[in-house]
Amino acid sequence: MAQSLELLLIQFLMPDNDARRQAEEQIKRLSKDPAVVPALVHHLRTAKTPNVRQLAAVLLRKKITGHWAKLSPSLKLSVKQALIDSITLEHSPLVRRASANVVSIIAKYAVPFGEWPELLPFLFQCSQSSQEDHREVALILFSSLTETIGPIFQSHLADLQPILLKCLQDETSTRVRVAALKAVGSFMEFINDGANVVKLFRDFIPSVLNVSRQCLANGEEDVASIAFEIFDEVIESPAPLLGDSVRSIVQFSLEVCSSNNLDLNIRHQAIQIISWLANFKASFLKKHKLVVPILQVMCPLLTETADGDDDSDLAADRAAAEVIDTMAINIPKQVFPPIFEFASLNFCHSNPKFREASVTSLGVVSEGCFEMLKEKLEHVLHIVLGALKDQEQMVRGAASFALGQFAEHLQPEILSHYENVLPCILNALEDPSDEVKEKSYYALAAFCEDMGEEILPYLDPLMGRLVISLQNSPRNLQETCMSAIGSVASAAEEAFIPYAEKVLELMKNFMVLTNDEDLRARARATELVGIVAMAVGRTRMEPILPPFIEAALAGFALDFSELREYTHGFFSNMAEILDDAFTQYLHRVVPLVFTSCNLDDGSAVDIDDSDSVDNGFGGVSSDEENDEPRVRSISVRTGVLDEKAAATQAIGLFALHTKGSYAPYMEESLKILVRHAGYFHEDVRLQAIIALKHILIAIRSIPMGHNGVSEKQREVLATVMKIYINTMTEDDDKEVVAQACMGMADIMKECGYMVIESYIPRIAEATLTLLREESSCQQVESDCDADDGDVDHDEVLMDAVSDLLPAFAKTMGSHFEPVFAKLFDPLMKFAKVPHPSQDRTMAVACLAEVAQEMGAPISAYVDRVMPLILKELGSSEATNRRNAAFCVGEFCKNGGAATLKYYGDILRTLYPLFSDSESDDAVRDNAAGAVARMIMVQPQSIPLNQVLPVLLKALPLKEDFEESMTVYSCICHLVLSSNSLILPLVPEVVNISAQVIASPAESEEVKNRIGMAISHLISVYGNQMQPVMAALAPAHANALAAYLSKR
């Protein structure tokens, strides 16, 4: 075989394609015989030309796996020795590397079984050889072996580290330093978190940086990029590898990303390292004071404009914006001051790129730094609205982007500036630049989304321009224009009715488009019809919906994921509008939803076969089943994720609104939701968690008389509870966990104690884990001490967690006390330094609602809670004062005698909340509620002669009408019981009562209670009431008279 094989190897390397093809077929036939192994080894060592020797090694690597077990021990020994000889004696670098790859494959099968004990000692010896070639190939082989016997190296890391370190510092050979750099990268995945191993690895960092700098200086950017791959692994490693080396890594990354002479790819890699640090190790950037140095580089990078030929995804300005955004989300307090300074200094810069960068930076940080931006809102709006009028298009475009970000993230405070903002957006819609127009539509959509009646004066000019734009603009502008119309419709609600007919008529044209380039516009149109329908209501929409529904259904035949996503959203809206009348469409839409939910995720695997690609031997086939390519990367089509999330949401809403009619689809829906609750992407998990609650509500609505319903209800409840409890402690996404907590609270209140009794211990344990901040989503980096005194957690998450305690209390009543006893101290931790004011008021609000629902057992906690409440009543934050006032009232109402000793302090602390210095009406309303509760439970302990005039002066309530029943019931009780201290104040009582009767914000129940009190006064005092009634304002007098006449 050896002689014929040699001729075939030479023939394979000929330029003649026919000759090559014939040689390959013959080689493939011969390769089925184990004798091919010694033949290939022979040519690897003896062929005259390096190309033939290299080809022999490549073929050997591909065929050895299938034949190794069939070889005799003596032949195995000779193969191993020949490969060692090739590595040490071969002159061609390519042949040495190809031989090293064969060694790596054989090692996989030989080393774990002790069949090649000489290999590792040989490599250690070779790596310390005086010959450069030997050192280099040993390092190459170390790298290759990590792919086949990597775990075995873990026990040798202590011996290997000084060798690699020495090679990284090899001053005589660039090739050795580069090979050592690659070897370090290969060993990254086998680094564990043992203290000794961590220290060994940290020692590599300075040398890795030095080698990378040398490579950059020599123009070897592809090699230097390995350093960034290593740093990427360091950042993502569960082992605490970073340590103090974060400073030098950041410094090197900043040097690279700010070097204009370097290739975009490596600059982008450097910026990406900063982004990973900001995302996964933000506390390191704080601890090592790296935030300002990073921003001093990132902000100027925003002024870089990519050339037309450059890849925009790699552009420095875009990548820098992503870094700033990530930093703002993770460490907002540290990021905002330097960004605000940069924007303030450059918004009037003579260079338009700096003016653009200044407003871009404000827009980019608006999501993360929303609290600080709200405090500076007037100033930053001055910058952005001024930039919207800039003579340069790039600046106006950046300003419209920033304004859209403000509108999205600075709610509701930005709405108070609508009189300045909306006219500017209206002008920007007329901008000569399509880019500015497009971003202005986005800004308008984001701004209007949360508006209410404030939009009404602008409705006509807005819709006039938007409808014209919709008819005359290019497709991309039509799409953003439709989004803007949707937001306007949502804000205007029924006031949108005059414009609905024209908009819906235009949408018919979009909803029949079938060309690929038009399908995104069709998707937006489908979405808009659903939004308009929600705004104008069922009565007007139901008769005209059928053609739109048919057009939406027809869109599923066009195989466009985004259209399916928006159509699922459309049918979700239809279910909400039509409610049980949507049942007629279930048989058509539910299968479509199931299809989307069951779509393949579209994972794409990139296979690396370095021999066939790098060495030009792509034609050499491999017929061995267990030839093992290496997976380099996995990517996922995100469009499918969005579609799945929308379809998952639709399942829940279909069930919620059609209830019992959804029963035929319940079982399959539940299977999908259970699967999606454990899905890899948080957007899908979030919708599954929401939908599970809807499914539970739907199945509980089916009458118990149906066969098997009771058992099915228990099964579904058990499934939902298991998933929710597991999600609360094990899911790593805070938004998903928050949604599970909110869903759990709703289920507890809806189902009641008897239904969920058996789950209470597990729910309580999960709640305790969250309050202690020990759940998976609350874990921070393991290798950084949070020693800066900052408390960093998700406010939305902790608000949702704190809502669980009142849900327990409402469900269990006084029986909640033993559970509350375990949760109390972890809750109170949030009221202590260094927790911010938001945490304190969260804890206080939670305590108030627990007291309200649990009742008398709260008395045991009065002494521990009252100092906090009294302190919070004097807070500089209105929300804190409001919650504290509500809390003190509930504690006095339910705390019994334990609260009496605090009454004097409480009244003194509440008094300033009734004065003119209190600017917040809701605070005053809650203070009135607190005093009313105190009067109702302990009237003898209240100096009514002093308190009643102050209380009545604060009435009627102006904002928090949830306090109305409490406050007015107290006043009415005093009147109906003919309390001597209320009688002199009857004129004020009647005046307040008339205003309450006239108010559309007050409930009939409250008005009825007041009507009884006024009727009582008239019946008792008769003519004496006439002057009091005559003194009322005409509108109030008429409202009161009309109400009393109906009694």
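Modeller: Let's start with Asp960, which is buried, with a relative accessible area of 9%. Buried here means under 20% relative accessible area, exposed means over 50%, and partly exposed is in between, using a 1.4 Å probe and protein chains only.

Biologist: What kind of model is this?

Modeller: It is a predicted model, where local features need pLDDT of at least 70 and side-chain atom pairs count only at pLDDT 80 or more, while totals for chains, interfaces and linings use all residues. Residues are numbered from 1 along each chain as its sequence is written, and side-chain values use heavy atoms, with hydrogens and water left out.

Biologist: Which residue forms a salt bridge with Asp960?

Modeller: Arg882 does, with the closest N and O atoms 3.2 Å apart. The pair ties together parts that are 78 residues apart in sequence, because Arg882 lies in helix H47 (residues 878-894) and Asp960 in the loop between helix H50 (944-953) and helix H51 (964-976). Helices are DSSP runs of H or I with at least four residues, strands are runs of E with at least two, and both are numbered from the N terminus. As for Arg882, it is partly exposed at 29% relative accessible area.

Biologist: How many salt bridges does the structure hold?

Modeller: The count is 37. A salt bridge means a side-chain nitrogen of Lys or Arg within 4 Å of a carboxyl oxygen of Asp or Glu.

Biologist: Which residue does Arg96 meet in a salt bridge?

Modeller: Asp133, at 3.5 Å from N to O. These two link distant parts of the chain, with Arg96 in helix H6 (residues 93-110) and Asp133 in helix H8 (residues 132-149), 37 residues apart.

Biologist: Is Arg96 buried or exposed?

Modeller: Arg96 is buried, at a relative accessible area of 2%, while Asp133 is partly exposed at 27%. Another pair is Arg564 and Asp559, whose side chains meet at 3.3 Å from N to O. There, Arg564 is buried at 13% and Asp559 is exposed at 63%.

Biologist: Switching to rings, how many aromatic pairs are there?

Modeller: Rings of Phe, Tyr and Trp (its six-membered ring) pair if their centres lie within 6.5 Å, with planes under 30 degrees apart counted as stacked, over 60 as edge-to-face and the rest as tilted. That rule gives 16 aromatic pairs. For Phe820 and Phe824, the ring centres are 5.7 Å apart and the planes are at 70°, so this pair is edge-to-face. The two sit 4 residues apart in helix H44 (residues 817-828), which means about one helical turn separates them.

Biologist: Which residues do ring pairs link into a cluster?

Modeller: Phe570, Phe571, Phe582, Tyr585 and Phe654.

Biologist: Nice. What sits over the ring of Phe12?

Modeller: The charged end of Arg20, 4.7 Å from the ring centre. A charge sits over a ring if NZ of Lys or CZ of Arg is within 6 Å of the ring centre and within 35 degrees of the ring normal.

Biologist: Last topic, the backbone: which peptide bond has omega near -5°?

Modeller: The cis bond from Gln411 to Pro412; Pro412 is in the loop between helix H23 (393-409) and helix H24 (418-428). The bond from Leu955 to Pro956 is cis too, with omega near 0°, and Pro956 lies in the loop between H50 and H51.
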